[in-house]
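The sequence and structure come before the text.

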Amino acid sequence: MTTTSNPLALIAELTHRCPLHCVYCSNPLELQSRSNELSTETWSRVFQEAAEFGVLQADFTGGEPLARTDIIDLVRAARAAGLYINLITSGLPLDESKLAALIAAGLDHIQLSFQGAREELANEISGAKSHAHKLRVLEWVKQHRVALTLNFVIHSRNIDKLEDMVALAESSSATRIEFANVQYYGWAFANRENLLPTREQLDQSLGIIKHEQERLEGRIRIEHVVPDYYAKYPKPCMGGWGRKLVLITPSGDALPCHAAKVIPSLSFENVKVRSLREIWEHSAAFQKFRGEDWMQEPCRTCDRREQDFGGCRCQALLLAGDAAATDPVCSLAPLRPKVDAILAGMNAARPAQLFTKPSWLYRPNSA
Amino acid sequence: MPPELNSRPRLAPGCRLGENNQQRVLLMPERALRLNGPSLEIVTRCDGKHTVQQIVSELQQIYSKAQPKKVEEDILGYLTLLQKERALDFEL
């Protein structure tokens with residue numbers, strides 16, 4: 001058995017209900033219904049267990065976490081337990097008084113998602129009339145001393161508009177921007193051919209981001225995640241399996257990452273019946289890809305294995321059909337040619353598509 | 001760019017001190033920094049009241065065995081790092 005230290009962050013997927021229908025949603029294809037969601041009491045106990053175990057931060061996410069009618073109580077409980085609270089939200093259910101109540105309850109940081117800098121595309125991507133309300137939220141947040149991040153999920157249809165997004169952030173009280181390129185699992189995998197940027201688009205965006213990072217240093221911090229299909233080495237997914245992060249689904253299953261349920265050989269334990277600490281230290285799912293014993297070549301003897309931990313297990317399953325394989329986006333992976341073939345297809349086929357509206361597969365709301 | 005000596009650093013919105021397993025930390029959006037010895041002495045003085053110059057003077061007294069110039073350089077370096085992390089506002 002591989003021993004490990006405690007997780008540093010708890011990703012609390014409070015609900016899968018959401019007013020948006022984003023075509024790259026990171027939720028699983030099978031959404032949990034409201035009737036399966038954990039109670040206020042169970043979440044409060046989990047926050048307490050997490051803080052006692054050494055967790056520093058809670059990410060309240062979903063779905064739309066504000067769809068929970070007990071959200072103020074949940075913030076208060078997590079803060080009382082001693083956690084730092086990030087709220088990852090579309091902003092749609094916010095009004096001025098709810099915002100003030102959340103901050104009074106102890107909310108530390110709001111991460112507001114934007115689907116673009118302009119109304120038309122943002123609404124198309126989110127499948128909802130959402131953009132104008134987000135702009136109102138930006139004005140309300142200015143009245144408070146709370147951290148604000150604008151999060152932009154980046155893909156071929158908006159990657160050419162980064163400057164507009166930065167300008168939007170500069171007009172707000174944001175101290176951080178996240179440019180998160182879509183990663184291709186679940187809904188995004190289904191919509192991949194309409195989302196993946198071309199090499200030319202990506203290279204241009206990298207230049208803009210570097211320039212803006214330098215220009216805004218000390219004012220707005222810009223974080224950037226590249227689309228890993230274009231990377232030379234895989235991302236250290238979740239900072240390594242079962243190393244730093246634990247995700248709790250709306251119904252209480254504890255997962256090492258958002259997408260882990262796609263791996264059919266794993267079964268997950270639930271915080272309703274076991275403590276977070278027991279699950280973290282002993283459950284088979286968290287042990288499965290922890291450490292190095294599970295690794296195949298070329299990872300097993302690779303100098304980078306402690307940097308990227310073999311990449312993403314879910315991507316290995318999706319592209320290689322084997323969750324223990326080297327992440328096929330790695331340039332050293334035996335199956336890298338498969339990713340190159342996908343990219344070659346994209347880069348050849350793209351120009352004509354840019355002018356037509358794709359037929360998106362929208363994520364539905366959950367019951 | 002190093003901070004000006006007469007400016008008053010203050011923790012930025014969403015940045016605060018926390019403690020975990022007897023370890024003091026600076027909590028900020030999506031990250032945390034461990035604070036030990038000098039870094040804790042610096043961060044606890046980023047209160048919008050101390051100027052950078054005052055922080056330097058007070059730490060030069062606390063760490064009187066170290067070269068005063070070196071203490072100043074280390075403090076300015078650390079404040080610059082926190083500024084890049086966007087953990088500080090500097091008020092004049």
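## Terms and model

A crossing is left-handed if the near helix is turned anticlockwise from the far one by less than a right angle, and right-handed if clockwise. Helices (H or I, at least four residues) and strands (E, at least two) are DSSP runs, numbered from the N terminus.

This is a predicted model, in which local features need pLDDT of at least 70, side-chain atom pairs count only at pLDDT 80 or more, and totals for chains, interfaces and linings use all residues. Residues are numbered from 1 along each chain as its sequence is written, while chains are lettered from A and ligands numbered from 1 in the order in which they are written.

## Helix pair in chain B

The crossing of H2(B) and H3(B) is right-handed. H2 spans residues 52-62 of chain B and H3 residues 68-84; their axes come within 9 Å and cross at roughly 135°. Axes are lines fitted to C-alpha atoms, for helices over the stretch in contact, and angles run from 0 to 180 degrees between N-to-C directions. The two helices are therefore oblique to each other (under 35 degrees counts as roughly parallel, over 145 as roughly antiparallel, 65 to 115 as roughly perpendicular and the rest as oblique).

From H2(B), Val52(B), Ile55(B), Val56(B), Leu59(B) and Gln60(B) meet Pro68(B), Val71(B), Glu72(B), Ile75(B) and Leu79(B) of H3(B) (contact: C-beta atoms, placed from the backbone, within 7 Å). The residues of this contact divide into 8 nonpolar, 1 polar and 1 charged. Ala, Val, Leu, Ile, Met, Phe, Trp, Tyr, Cys and Pro count as nonpolar, Asp, Glu, Lys and Arg as charged, and the others, Gly among them, as polar.

## Helix pair in chain A

In chain A, H1 (residues 40-53) and H2 (residues 71-81) pack at an angle of about 20°, with axes 8 Å apart. That makes H1(A) roughly parallel to H2(A). H1(A) passes H2(A) in a right-handed crossing. The residues of the contact divide into 7 nonpolar, 3 polar and 1 charged.

## Sheet in chain B

Three strands of chain B form an open sheet in the order E2-E3-E4, with antiparallel pairing (two strands pair if DSSP finds at least two bridges between them). The edge strands, E2 (16-20) and E4 (31-34), each pair on one side only. The twist averages 35° from one strand to the next.

E3(B), residues 23-28, is joined to E4(B) by 4 bridges. Val25(B) stands opposite Arg34(B) in E4(B).

## Contact between the chains

Chain A has 17 residues in contact with 15 residues of chain B. Strands E3 (84-89) and E5 (147-154) of chain A each supply at least two residues of the side that touches chain B.

Key
Two residues are in contact if their C-beta atoms, placed from the backbone, lie within 7 Å.
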